[in-house]
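Hi,

Here is the structure I promised to pass on to you. Have a look through it first, and then read on for what I found.

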Amino acid sequence: MSGISKRFGATQALKRVDLSIFPGEILALLGENGAGKSTLMKIISGAHTPDEGTLRLDGEPYEPTNPMHARESGIAMIYQELSLAPHLSVMENILLGIEPSRRGLVSWKAMRSRAQEAMQAVGLEAIDRGTPVLKLSIAQQQLVEIARAVALECRVLVLDEPTSSLAKKDIETLFELVNALSSRGISIIYISHFLEEVKTLSDRYTVLRDGERVGSGVTEESTEFEIIAKMVGRDMSDLYPRSEHAPSDIVLEATRVSGIRKPLNASFQLRKGEVFGIAGLAGAGRTELIEALFGLEPIASGEVRLEAYSGTATPKLRWEQGMGLVSEDRKTQGLALGLSIADNITLPKLDDMGAGRLVFPKRQESASESWIEQIPIKCQSARQPVSALSGGNQQKVAIARLLHAGVDILLLDEPTRGIDVASKAQVYSLIDSLARGDAENQVEPKAILLISSYLPELLGTCDRIAVMSRGRLSEARPVAEWDEHSLMEVAIGQETENA
Amino acid sequence: MPEQSTLSQLKSSPWVNVGARFLALIIVFMFFALFVEDGKFYTLRNLENIVRQSSVYATAALGMTFVIITAGIDLSVGSIIALAVVVVAWTLNIQVEGANGELVYMVHQYPFATPLLACVLAIGASTLVGLLNGALIVRLKIVPFIVTLGSMGIIRGLAKGISSERDIYPPEETWIGALMDPTLTNQAKSWMLLPPGVWILVFCIAIASFILKYTRFGRHVYAIGSNEETARLCGVPVGRTKIIVYGLTGFFCALAGFMQFSYIGGVGQPTTGVMYELFVIAAVIIGGASFSGGEGSILGTIVGALIITILYMGGQQIGWPKWVQEMVIGGIIILAVAVDRLRHRKLA
C-alpha cells in the first residue's frame, strides 16, 4: 500500500500512509485508539475506498470494491467482534459463502473433508464439526473464524485485537497458531495495543498516529520505550485551560467494586471540586466501571458510597442523588437522536416543566435555551432534532442534560470522542469551570469523573489520574506524577504483572 | 448549508407531517366523490356512515399509536374489542331475583345502571388484558409481536367462552346499543349533530393528544421509542411505562368495543372485530408513525383511520369487487410507508 489517504467529512482519517508486508511475515500495526488503524484495515478489506493512493497485491494492482471481493483475493479479516452465525454448526460457519456445490446442490461430502482440513490446521480437530458455534467458548469461536480464513486459502490474514477477550492460556495457543500460519507462507497483520504481545510475536511493526505513519522498524531492533514514544509523541498545546481547583469533601467512594467480568476490585475516591481521570485502553473495563456506579450494570461485589447512601442503585435513583452520566456512545446510548434538543436535555428531570406530572414543551424549550446559550450549543432552535446537529454539538447536548438535572457528580465517558477540535476546547473549558465552581454566584464546584483514551486530554484536564488495565484500576496519583509514557506503560500492562 | 437545514426543519415539522396526510385524505375522498355514481358518495347519510365506521378503528388506533411510538406492536386489539362487546352483552343478560322471587333481567329493573355496569366490567376486563400483555412483554422480555400474537388467540377464545360461542342477544335495547345510531339523518336526534360514540372519540382524541404532548408519561413514551437505552440512562421507568401503554390500548379497545356493539346492532358477537388489528395498525402507520419508534401523532392516526375507512367504503360503493378493494388497501399501506422512508432518507 502506498500513499493511502481517506477523509470522512471534516476528519482526515489517514494521511498518505504506506504499508507493506512480505509473504509469511508477521507485521504488527500499532497506534492509540483513533489513530487510523481500523480505517486502514477497512480499506484493505474493501469496506472503504481510499481517496488517493494505490494498493498492490503480489505486484498486481488491487482495488477491492467490497469485502467479498477482498475475500476472493485472499484477504481475510478477523475483527474484535466475531462475525459468526451462532446457530449454524462449526462446519457451516467455516464454509459459509464458499460451500462446495455442484449445480446448486451442496456437496456434504466435500464440505466435511474441507472443514476437517481447516479445523486441523487451527487445532480444532477435537471438536465435533456439527456443534453449533454458540456452544463454543470465545477462544474456540475465534479459532473457527481463523479456520474460515484457512479454508478460504487466504494469503493475508488481519487480526484486530485478537487477545482482548482471551484468557492467558488461550493467548498462548493463538500465538502458536499465528506462528504456524506464517510458516505456511500466510502474511499476518496483527493489530494490538499490547506491546508485550507485539514484542513476542511480530517480525516488524508500523506505528500510526493521527492518521499518519510515524514509524516502523524491525521489532527485535527496537526497545519498547522507542515504540511507546512513537505511539504518543505529541506536544501538549494550550488547548487545556486549567484554573485552581479546590478539592474538598469526598462525594463518591468505590471500595473493591467488581462487575460480572470487569472491573475487578476497583477502588477510588472522588472529591467535590476535582477532575478525576481514568486512563486505559478500549475494553479495559472503564465503561463497565462507571455503568456499575450508575446502576446500569450489576455490581458483583464491593461497595459504592454516595455521601451517606450505599445501597443498590438504579439510574433513576442516581439522578435523584445528583449523579449524571454521559455515555461513551452518544448515538446508540446517549441521545434520542430523533427527538428535539429540548426533549433530550430535559428528559431526566421533567419536574419544573409544569404542575404535577404535566410537561409543557414551551417550558422545556425555554429551559433548554438557557443551556444552549451558556454552553454554547450551535443550533437553530431547541426544537431541532438532535440528529441535525454536528457531533460536537450533540455531545454538548448530552452534557447539558446533566447540567439541567443539576447534578453534583458528572461521569463523563469519552466526552470528546469523534468531535472537532473547537468543540473539544469548549468541552475542556466547561469541565474546568464546573470543577472550579463560581463562588461569586454561589455555584458549588462539581465532582467530575473523566474517562478518556486520549492521554493529552487527561493530562491537560485532570487533577488526579488512575489507570485501568484488563479490569484492574491502578492507584490514583496526582497528575504531576504522570506523563504519557508512564500512563501508557500501565495501560498496556507493563506494571500490572508486578502489582 | 443553513438553507438546507431550514428546509429539513420545515420537512420534519409536525404540521407538514399531518398536513401532507390531510392532503392525501382529501385526494382519496375527491377520487371517490368523483367516481361514485350520482354523487352518492357525498350524501349526508354516507358521510355519516364513514364517520361511524371509522370511529371504531380510530378509537382502537389511539392506543395503538402509543404502542407503536414505543416501537411496540399490539396484535390483540381485534380480540380485545370482541371481548368488550361480549362482556357488555353478557352483563345486559344478567338475571336477578325479582320482588316475587322470580328471575328477571337486571336491565329491566335498572335500565340505566345496568349498561353502566356493563361498561365498567368491559373496561376493566379489556384494560386488565392490556396490562397483562404489557407485563408479559416487560417481565419475560418477549418481543411484543409474539406476546400479542399469543394473546390475540387467548382473548378471542375468552370472548367465545363467555358467550358459549354464540351471539348474545340482550333482552332490551339500551343506551349503549344506541351509541352509534345515526343522528344527522334522524330528525329526533339531529340536535346531537354526531352520534354520542363519535363525541366520545372526539373527547378521547383531545385527551390522548394532551397526554402525549403535555405529560411526563407522554414524553417518556417518545423517549423509549426513540432510544430505549437513552431513556433507561436518563432514569425513565421504561418497564412501567410500557405496561401502562399496553393497558391504555386495552382501555381504548373497550371504548371501541362499545361503538362496535352499537354499530353491529346491539348484539354480543364473539367473532366481531376479526382482522381489525390490521386496519388499526395500518391507520397508525399511514398516520405517520414509524415501526422503529419515536414518531407518530394522534391527529395523524385519525387521518389514517379516515383514509382506511374511505378506501374500504368507497371501494364498495364504486363497485370494485372485494379482491380489488383488498389489493388497493394493501398497496396504499406500502405506498404510504415507502413515501415516508424516502422522505426520511432525504432528511438524513
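Let's begin in chain B with B:I27, which is part of helix α2, the helix spanning residues 14–35. Please keep in mind throughout that this is a predicted model. Is B:I27 buried or exposed? Its relative accessible area is 54%, and because the cut-off for exposed is over 50%, B:I27 counts as exposed. If you want a sense of distance, B:G257 is 230 residues away from B:I27 in sequence, and their C-alpha atoms are 30 Å apart.

Now for chain A and its sheet. Six strands make up an open sheet with mixed pairing, in the order β7-β10-β11-β3-β12-β13. The edges are taken by β7 (75–78) and β13 (212–218) of chain A; each has a single partner strand, so one side of each has no neighbour in the sheet. From one strand to the next, the twist averages 15°.

Within that sheet, β10 (residues 156–160) and β11 (residues 187–191) of chain A run parallel and are joined by five bridges. You can find A:V158 opposite A:I189 of β11(A). Helix α6 of chain A (residues 168–183) packs on the sheet, where it touches β3 (26–30), β10 and β11 of chain A, and its direction makes about 145° with that of β11(A).

Strand β12 of chain A deserves a stop of its own. How many of the six residues of β12(A) are buried? Six of the six residues (204–209) are, so the strand is largely enclosed by the rest of the structure. A:R204, A:T206 and A:L208 point one way from β12(A), while A:Y205, A:V207 and A:R209 point the other way.

On one hand, β12(A) pairs with β3(A) in the parallel sense over four bridges, and A:R204 in β12(A) is the bridge partner of A:L27. On the other hand, β12(A) pairs with β13(A) in the antiparallel sense over six bridges, with A:L208 partnered by A:R213 in β13(A). β12(A) and β13(A) form a hairpin with two residues between them, and A:D210 in the turn has a positive phi of about 50°.

Next, the interface. Here 33 residues of chain A are in contact with 26 residues of chain B. The area buried between the two chains is about 2,300 Å², and carbon and sulfur atoms give 57% of that. On the chain A side, A:L347, A:R357 and A:Q380 lose the most area to chain B, together 24% of what that side buries.

There are also 11 residue pairs in polar contact across the interface of chain A and chain B. Helices α10 (315–320), α11 (330–334) and α13 (361–374) of chain A each supply at least two residues of the side that touches chain B. The largest share, four residues, comes from α11(A).

The count of salt bridges between chain A and chain B is two. One of them links A:D343 to B:R219, with the closest N and O atoms 2.6 Å apart.

B:R219 turns up again in the surroundings of A:Q364, a residue of helix α13 of chain A. With a relative accessible area of 3%, A:Q364 is buried. Leaving aside neighbours within four places in sequence, A:Q364 is in contact with B:R219 and with several residues of chain A, including A:A342, A:D343, A:T346 and A:L350.

How values were computed
Residues numbered from 1 in each chain as written. Chains lettered and ligands numbered in written order. Predicted model: local features only at pLDDT ≥ 70, side-chain atom pairs only at ≥ 80, totals over all residues. Heavy atoms only, no water. Buried < 20%, exposed > 50% of the residue type's maximum accessible area, 1.4 Å probe, protein only. Pairing = 2+ DSSP bridges. Axes fitted to C-alpha atoms, helices over the stretch in contact; angles between N-to-C directions. Contact = heavy atoms within 4.5 Å. Buried area = accessible area lost by both parts, 1.4 Å probe. Salt bridge = Lys/Arg side-chain N within 4 Å of Asp/Glu carboxyl O. Polar contact = N/O pair within 3.5 Å; in protein donor to acceptor, adjacent residues only side chain to side chain.
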